[in-house]
2 protein chains.
Amino acid sequence: MLALAGAPLGVRMRFLDPASDACAGDVGELVVGAYDDPECLERLAAGTDVVTFEFENVPVEAARLVSVVPKARALELGQDRLVEKELFRRLGIETAPFGTLGDVGVPALVKSRRLGYDGKGQRLIDSSCEIGDDELAEGIVPFDRELSIVAVRGCDGPTAFYPLTENEHRGGILATSRAPATGSDVLQGEAEEIARRLLDELGYVGALAVELFDVGGRLLANEFAPRVHNTGHWTIEGAVTSQFENHLRAILGAPLGATEAVGSAVLVNLVGAVPPLEDLLAVRGAHVHLYGKEPRPGRKLGHVTLVDADPVDIAAVTELAAAAWSA
Amino acid sequence: MLALAGAPLGVRMRFLDPASDACAGDVGELVVGAYDDPECLERLAAGTDVVTFEFENVPVEAARLVSVVPKARALELGQDRLVEKELFRRLGIETAPFGTLGDVGVPALVKSRRLGYDGKGQRLIDSSCEIGDDELAEGIVPFDRELSIVAVRGCDGPTAFYPLTENEHRGGILATSRAPATGSDVLQGEAEEIARRLLDELGYVGALAVELFDVGGRLLANEFAPRVHNTGHWTIEGAVTSQFENHLRAILGAPLGATEAVGSAVLVNLVGAVPPLEDLLAVRGAHVHLYGKEPRPGRKLGHVTLVDADPVDIAAVTELAAAAWSA
């Protein structure tokens, strides 16, 4: 999606991916190799204006080697849930209680500090037990809903924020996002303040997402992702400038584009299996995005966005996606 | 732009172009060779589901050889201005007077029957003179404005129409399009009827544009283009489904997407030279599309679309484009 956003701006891309069938190869030059292979990194970076990433588990040392934008420090801090939460705390950003089981009590959510995503590496604990050094305990928060905000910061500091997005997960995997989130006038300002503190602290350049819990109108930060984010995919059709174009504008030192929504967007993820394409395309206003990935249970294979759509059409897409997911 | 519309739908493309630096090579596989080179045509078509074209001067025989969709007949009829006008006449579609100089009198516009575009191959005659067999005389029409309509017909006959677009040319080259055209409620129906007759007559599948003159509220057909069209480029951001996606849906036998405008769109062509990208991106709401082509006087190098934009921002883009055009 970065490549598709860059093509009209004359931005040509080269990708590094361990998989020889990586879908990025369809829209740019593909270097196949490990993220930390120095020779591959050299081939990736040769002759480029800038190197970036859209996957937060890229090894920090590899990122440093090619001087990524945003800086590798954002990756590093985001890769360790404990460090990430401590950063939030240091910036005065409220989070769920976290620390040892002693700190948070039970029941608690025990998460691996590293390499967790889509709910992987998490378990619910309801009686005290040992947890590893590589784990972190979090108090259970009775949140009303999950929100996220995508923010983008230009290389000389200007920052733009997309409208808050309301997210529904299924089995720990994002199923649906709606933006702008309902009743978010007050929360929008709070979320922007959270994102701004983080971006400024990191000297960040590019797009970044913060996942938030709405607890009775109070926002708690859950985690941040130093990259374009699934909960911002609706911006392709639903905002004046997409998160992908704005990430590119930022890292290339160009002016940021407007981030306003152009309507009410609903994003439905296609997980595990893709419904028949004909059926999706038959839904009025459905914008289908397939990623060209092999189906696998729990894998995100694409998404569909609808803007200012009829509820009947939203329901149709949701049902097609749900049927394929559980098929 | 077809490739960029196809990528999210899982459509992978191969292109045939005589130029080894053709911009299509950035977004798909490129076969470099003459349009009528049988070996290249074979390589182009090998393993494809469908072959189409987006340039109306492709040799008809070459198009036939690879069984293009839409059928080569549409190309053939459109490549000869006299045959094209006779088709309009046969379908009861009004045109400017045409034929010999004797038929239309002077002053007249004398056009080459073949290979004319962007005003090339045209001359204004104000006294009677010889014209060649390969030329056609047209009466001068005191039109109020130039309009166009892009229509798309699916492979089993359903047809969808984009809103009428109002076009301004400069030196015979499209400079600006605005859609939906103002005051077009009545004309929309007339234009759709013109396009529908043509599409049905041709058994057409895909996107097609008809250029029209508005003469005091009466529509005269000027010419048709059997392909996605410059006056429909605004549909990328300005309509629910772009002309590019709908062309692909049509030729692949998928349901057509909705063609309604999502706002008021203005398209500004970048001709001859591209203004500084930074300046274009600094204009609020500017969607920049560069084609990756070498600058050349009179060559279309890109376009910018704005939707529901502030007149100040539209003026800014128009001025940047005009300054680069004449620089």
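Me: Where does A:Pro70 sit?

Reply: A:Pro70 is in the loop between helix 3 (60-65) and helix 4 (72-78) of chain A. Helices here are DSSP runs of H or I with at least four residues, strands are runs of E with at least two, and both are numbered from the N terminus. Bear in mind that this is a predicted model, where local features need pLDDT of at least 70, side-chain atom pairs count only at pLDDT 80 or more, and totals for chains, interfaces and linings use all residues. Residues are numbered from 1 along each chain as its sequence is written, while chains are lettered from A and ligands numbered from 1 in the order in which they are written.

Me: What is the omega of the peptide bond from A:Val69 to A:Pro70?

Reply: Omega is near -5 degrees there, and the bond is cis. In chain B, the bond from B:Val69 to B:Pro70 is cis as well, with omega near -5 degrees. B:Pro70 is in the loop between helix 3 (60-65) and helix 4 (72-78) of chain B.

Me: That loop of chain B also holds B:Ser67. Why is B:Ser67 called exposed?

Reply: Count the neighbours: B:Ser67 has 11 C-beta neighbours inside 10 Å, so it counts as exposed.

Me: Over in chain A, why is A:Arg43 called partly exposed?

Reply: Because 15 other C-beta atoms lie within 10 Å of A:Arg43, it is partly exposed. A:Arg43 belongs to helix 2 (residues 38-45) of chain A. From A:Arg43 to A:Phe15 is 28 residues in sequence and 9.8 Å in space, C-alpha to C-alpha.

Me: How do you know that the length of helix 11 of chain B agrees with its residue count?

Reply: The expected span is 1.5 Å times one less than the number of residues. For the 16 residues of helix 11 (residues 311-326) of chain B that comes to 22 Å, and the end C-alpha atoms are 22 Å apart, so the two agree.

Me: Which residues of helix 11 of chain B are buried?

Reply: B:Ile314, B:Ala316, B:Val317, B:Leu320, B:Ala321 and B:Trp325 are the buried ones. They cover an arc of only 165 degrees around the axis, so they are on the same side of helix 11 of chain B. That arc is taken from the directions from the helix axis to the C-beta atoms. Turned away from the buried side are the exposed residues B:Pro311, B:Val312, B:Ala315, B:Ala323 and B:Ser326. The cover over the buried residues includes strand 13 (265-271), helix 10 and strand 15 (300-307) of chain B.

Me: What makes strand 3 and strand 5 of chain B edge strands?

Reply: The open sheet has 4 strands in the order 3-6-4-5 (chain B), with antiparallel pairing. Two strands pair if DSSP finds at least two bridges between them. Strand 3 (98-99) and strand 5 (122-125) of chain B each have a single partner strand, so one side of each is left without a neighbour in the sheet. Strand 4 (residues 108-112) of chain B pairs with strand 5 of chain B over 4 bridges, and one bridge partner there is B:Gln122 for B:Lys111. Strand 4 of chain B is also joined to strand 6 (residues 135-139) of chain B by 5 bridges.

Me: Last one: how many residues of chain B are in contact with chain A?

Reply: 25 residues of chain B are in contact with 24 residues of chain A, where contact takes C-beta atoms, placed from the backbone, within 7 Å. Helix 10 (277-281) and strand 14 (287-290) of chain B are the elements that give two or more residues to that side of chain B.

Terms used:
Two residues are in contact if their C-beta atoms, placed from the backbone, lie within 7 Å. A residue is buried if 20 or more other C-beta atoms lie within 10 Å of its own, exposed if 12 or fewer, and partly exposed in between; C-beta atoms are placed from the backbone.
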